[in-house]
Amino acid sequence: MLLRQLEYLVALARERHFARAADACFVSQPSLSAAIRKLEHELGVPIVRRGRRFEGLTPEGERVLLWAHRILAERDALQHELSVMRGGLTGTLRLGAIPTALTAASLLTTPFCEQHPLVRVSLESLSSRDITRRLTSFELDIALTYLDDESLRQVRRTPLYEERYLLLTPRDSALAEQRSVRWAEVAGLPLCLLSPQMRNRRIMDEYFAAEGASVTPAIETDTVAGLYTHMAAGRWSSVISHAWLHMFGVPETMRVVPLAHPAHGPRVGLVIADRSPEPVLAKALLETARRVSLREVLDSLLGTYLAPADAATPGPAPGPDPERGPDPER
């Protein structure tokens with residue numbers, strides 16, 4: 001059994017099409033098909049359901065695929081450790097991130113790449129469910145996601161920051177000059193929010209409901225960029241996470257006002273699969289996260305954008321979280 005055969009199988013499972021899998025592996029389709037048939041012969045089990053086209057993997061094939069991911073991950077870990085011994089990390093860090101945390105990812109990846117210039121980063125926007133699946137199947141090294149997600153199993157968690165929620169509203173809005181606002185007050189505004197399939201929106205809906213309010217936004221979108229695009233019209237208000245300020249800031253005609261409750265929302269952090277050895281590149285990103293301290297960076301950014309409102313209405317701005325730096329949890 002050759003590692004190349006396992007790579008072909010992983011590509012076929014991913015592409016679900018023999019020709020596309022062959023293209024991804026830079027081989028001819030007959031060569032890929034022959035290699036997988038040889039793998040079936042060597043293992044003594046059918047791996048692929050064949051018809052006029054690819055029809056999926058057999059139960060035995062699914063088990064072989066899991067081991068293929070594991071073996072290839074071990075191969076990559078060996079290569080990374082050897083690269084460290086040669087004087088520097090190399091390879092590709094496979095990082096997944098939920099869309100609402102994607103805006104803060106560059107605060108980690110930029111210093112990471114500066115310290116490890118020979119490493120490439122493959123960053124994907126994924127749902128929480130896809131992150132869990134791909135960590136389990138060795139398709140991701142590490143992920144940036146909500147740490148309280150119930151779908152996360154057998155992972156090691158490193159908290160980075162807690163979401164803080166802000167009303168983003170036009171300067172001439174009735175709520176724009178307030179020191180803070182309640183969710184029930186926000187519910188009465190013409191709103192543009194993320195769509196309900198987004199975890200961030202479902203969290204917000206719980207906060208609205210806790211104050212006896214419900215919302216029916218005029219506009220819903222599944223991307224933070226789509227939400228901000230509508231803010232430029234000067235008609236809509238929204239509820240945003242303070243982590244989005246890093247990428248999008250506050251439009252010139254708008255103002256941000258803190259939501260009164262909760263003081264701190266759900267935790268966002270890095271997760272890796274609970275197995276040994278830990279991926280070398282994932283460990284390197286965790287070390288970068290400990291140096292950077294996203295919590296402090298984002299809290300400082302929040303203070304910058306709240307300063308104009310503080311000047312108009314005297315009083316202390318919300319202080320930074322007393323916790324400092326991420327604490328790995330197992």
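This is a predicted model: local features need pLDDT of at least 70, side-chain atom pairs count only at pLDDT 80 or more; totals for chains, interfaces and linings use all residues.
Which residue stands opposite Val268 in strand 12? Tyr146 does.

Start with strand 12. Strand 5 pairs with strand 12 in the antiparallel sense, over 4 bridges. Strand 6, residues 155–162, also pairs with strand 12 in the antiparallel sense, here over 7 bridges. Strands of a sheet pair through backbone hydrogen bonds, either parallel or antiparallel.

How many of the 7 residues of strand 12 are buried? The count is 6, so strand 12 is largely enclosed by the rest of the structure.

Now look at strand 5, residues 142–146, where Thr145 lies. Is Thr145 buried or exposed? Thr145 has a relative accessible area of 1%, and buried means under 20%, so Thr145 is buried. Its contacts beyond the neighbours within four places in sequence include Arg267, Val268, Gly269 and Val271. Ile98, Ser128, Ile131 and Leu152 are also in contact with Thr145.

Next comes Ile142. Leaving out residues up to four places away in sequence, Ile142 touches Leu270, Val271 and Ile272, among others. Its partners also include Leu93, Arg94, Leu95 and Gly96. Ala282, Leu285 and Leu286 are touched by Ile142 too.

The largest nonpolar core has 74 residues. Ile142, Tyr161, Val239, Ile240 and Leu270 have the most contacts inside this core. Helix 11 gives the largest share of the core, 7 residues. There is a second, separate core of 22 residues, with Ala21, Ala22, Leu32 and Phe54 among them.

Helix 5, residues 106–115, packs with helix 11 at an angle of about 115°. Their axes are 9 Å apart. That angle makes helix 5 roughly perpendicular to helix 11. The crossing is right-handed. On the helix 5 side, Leu107, Leu108, Pro111, Phe112 and Gln115 take part in the meeting. On the helix 11 side, the residues include Leu281, Ala284, Leu285 and Thr288.

What follows helix 11? A loop between helix 11 (280–292) and helix 12 (294–312) holds Ser293. Ser293 has a positive phi of about 60°, although it is not a glycine. Most residues other than glycine have a negative phi, and most peptide bonds are trans. Ser293 counts as buried because its relative accessibility is 8%. Arg16 also has a positive phi, near 55°. Arg16 sits in the loop between helix 1 (3–15) and helix 2 (18–25).

Strand 7, residues 165–170, is joined to strand 11 by 5 bridges. Across this pairing, Thr169 stands opposite Arg255.

Finish in the loop between strand 11 (254–258) and strand 12 (267–273), where Pro262 is found. The peptide bond from His261 to Pro262 is cis, with omega near -10°.

How values were computed:
Residues are numbered from 1 along each chain as its sequence is written. Side-chain values use heavy atoms; hydrogens and water are left out. Helices (H or I, at least four residues) and strands (E, at least two) are DSSP runs, numbered from the N terminus. Buried means under 20% relative accessible area, exposed over 50%, partly exposed in between (1.4 Å probe, protein chains only). A nonpolar core is a set of buried Ala, Val, Leu, Ile, Met, Phe, Trp, Tyr and Cys residues joined through side-chain atoms within 4.5 Å. Contact means heavy atoms within 4.5 Å. Two strands pair if DSSP finds at least two bridges between them. Axes are lines fitted to C-alpha atoms, for helices over the stretch in contact, and angles run from 0 to 180 degrees between N-to-C directions. Angles under 35 degrees count as roughly parallel, over 145 as roughly antiparallel, 65 to 115 as roughly perpendicular and the rest as oblique. A crossing is left-handed if the near helix is turned anticlockwise from the far one by less than a right angle, and right-handed if clockwise.
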